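Please look through the sequence and the 3D structure shown here.

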Amino acid sequence: MGLGEILEASMTLYLRNWRTFMGVAAVAYVPFLLLSLSLGRLFPEEWPMGWGPSLQVSVTTAVMLSLLIVVTALVVEPLAAGAMVKAVAGAYMGERLTVGGAYRYALGAMWSLLLVTLLESLVVITGLVLLIVPGVIFAVRLAFATNALILEGVRGPAALRRSWELSRGSFWWIVGVLLVTGVLAGIAAGVFWLPSYVAGSTIAGPILSEILSSIGQLLTTPFTTAVLVLLYFDMRVRKEGFSLSVPTGEVSHESGGGPA
């Protein structure tokens, strides 16, 4: 598929399944948004996302903020990414999948998701430390790691190697697709980010700003995931002659079945 075909197919898929996709995103992010807003009310003068300015952060607030960031980065986001990949791939291949079904599948692979996310983050961060460029290369070449885990059942370092293999020889093509997707998602999210920025100067600004920003993220995440999933399938079709008629639970590179 060309760039236009991938973007058009991703948007069509999104519009046809928006309830499921939005449900998957909301299950992960809305509870943490509410938690952050609650903490903002408890510590209005300290919490960075609360109702008041962040002046001097106490030890308690620093610990709570650190835990929220760690849990979000290492648990919520990987789990949501896995569920979203499963939901998007299932919809693309004609599988009827509910929000609960997507999360049940992702929960079955939770530890593998956490490991792959941690390994990928370490590799990319190491590359960024090494003059930034290697980090960008690693991020692009490992972009299919979660897809490989959820849709092929390869786990740990094998998922990273699988992504590296699929992206070989297509680096600039993948970069181009991701850049265009990022720009389109940024424009769409900007409809909410701009009002959230303006709201920051009002009395209820911080809380309204965070809500609007979260809405923008919820709306764009399914689209960006859809593009990446379709790009992953496109790589498999080009390199391996992969058949899109194979159910998503049986698309393993070497053997059937999803992650256990």
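## Overall make-up

Helices (H or I, at least four residues) and strands (E, at least two) are DSSP runs, numbered from the N terminus. By that rule, the chain reads α-α-α-α-α-α-α-α-α-α along its sequence, with 10 helices and 0 strands in total.

This is a predicted model, in which local features need pLDDT of at least 70 and side-chain atom pairs count only at pLDDT 80 or more, while totals for chains, interfaces and linings use all residues. Residues are numbered from 1 along each chain as its sequence is written, and side-chain values use heavy atoms, with hydrogens and water left out.

The chain has 260 residues, and buried residues make up 43% of them. Here buried means under 20% relative accessible area, exposed means over 50%, and partly exposed is in between (1.4 Å probe, protein chains only). A contact means heavy atoms within 4.5 Å. Among contacts between residues at least 6 apart in sequence, 69% join residues at least 24 apart.

How many of the residues of α7 are buried? The count is 8 of the 8 residues, so α7 is largely enclosed by the rest of the structure. These buried residues are Ala145, Thr146, Asn147, Ala148, Leu149, Ile150, Leu151 and Glu152. Just after α7 comes Gly153, which takes a positive phi of about 80°.

## Packing of α7 with α5

Two packed helices are described by the angle between their axes and the distance between the axes. Axes are lines fitted to C-alpha atoms, for helices over the stretch in contact, and angles run from 0 to 180 degrees between N-to-C directions. The axes of α5 (residues 110–129) and α7 (residues 145–152) come within 10 Å and cross at roughly 160°. That makes α5 roughly antiparallel to α7. Angles under 35 degrees count as roughly parallel, over 145 as roughly antiparallel, 65 to 115 as roughly perpendicular and the rest as oblique.

The crossing of α5 and α7 is right-handed. A crossing is right-handed if the near helix is turned clockwise from the far one by less than a right angle, and left-handed if anticlockwise. On the α5 side the contact involves Ser112, Leu113, Val116 and Glu120, which meet Ala145, Thr146, Leu149 and Ile150 in α7. By class, the contact of α5 with α7 has 5 nonpolar, 2 polar and 1 charged residues. In this scheme Ala, Val, Leu, Ile, Met, Phe, Trp, Tyr, Cys and Pro count as nonpolar, Asp, Glu, Lys and Arg as charged, and the others, Gly among them, as polar.

## Packing of α7 with α8

Helix α7 also packs with α8, at an angle of about 110° and with the axes 8 Å apart. The two helices α7 and α8 are therefore roughly perpendicular to each other. Their crossing is right-handed.

In this contact Ala145, Ala148, Leu149 and Glu152 of α7 meet Ala159, Leu160, Arg162, Ser163 and Leu166 of α8. The residues of the contact of α7 with α8 divide into 6 nonpolar, 1 polar and 2 charged.

## Aromatic pairs

The structure holds 5 aromatic pairs. Rings of Phe, Tyr and Trp (its six-membered ring) pair if their centres lie within 6.5 Å; planes under 30 degrees apart count as stacked, over 60 as edge-to-face and the rest as tilted. Phe138 and Trp164 form a tilted pair, 6.0 Å centre to centre with 50° between the planes. This pair links distant parts of the chain, since Phe138 is in α6 (residues 133–141) and Trp164 is in α8 (residues 157–167), 26 residues apart. Phe138 is partly exposed at 23% relative accessible area, and Trp164 is partly exposed at 29%.

The rings of Phe171 and Trp172 have centres 5.0 Å apart and planes at 85°, so this pair is edge-to-face. Phe171 is buried, with a relative accessible area of 17%, whereas Trp172 is exposed at 68%. Elsewhere, ring pairs link Tyr92, Phe144, Tyr232 and Phe233 into a cluster.

## Two single residues

Thr126 lies in α5 and is partly exposed, at 44% relative accessibility. The C-alpha atoms of Thr126 and Phe138 are separated by 9.4 Å, and the two residues are 12 apart along the chain.

Is Ser170 buried or exposed? At 13% relative accessibility, Ser170 counts as buried. Ser170 is found in the loop between α8 and α9 (171–199). Leaving out residues up to four places away in sequence, Ser170 touches Met235 and Lys239.
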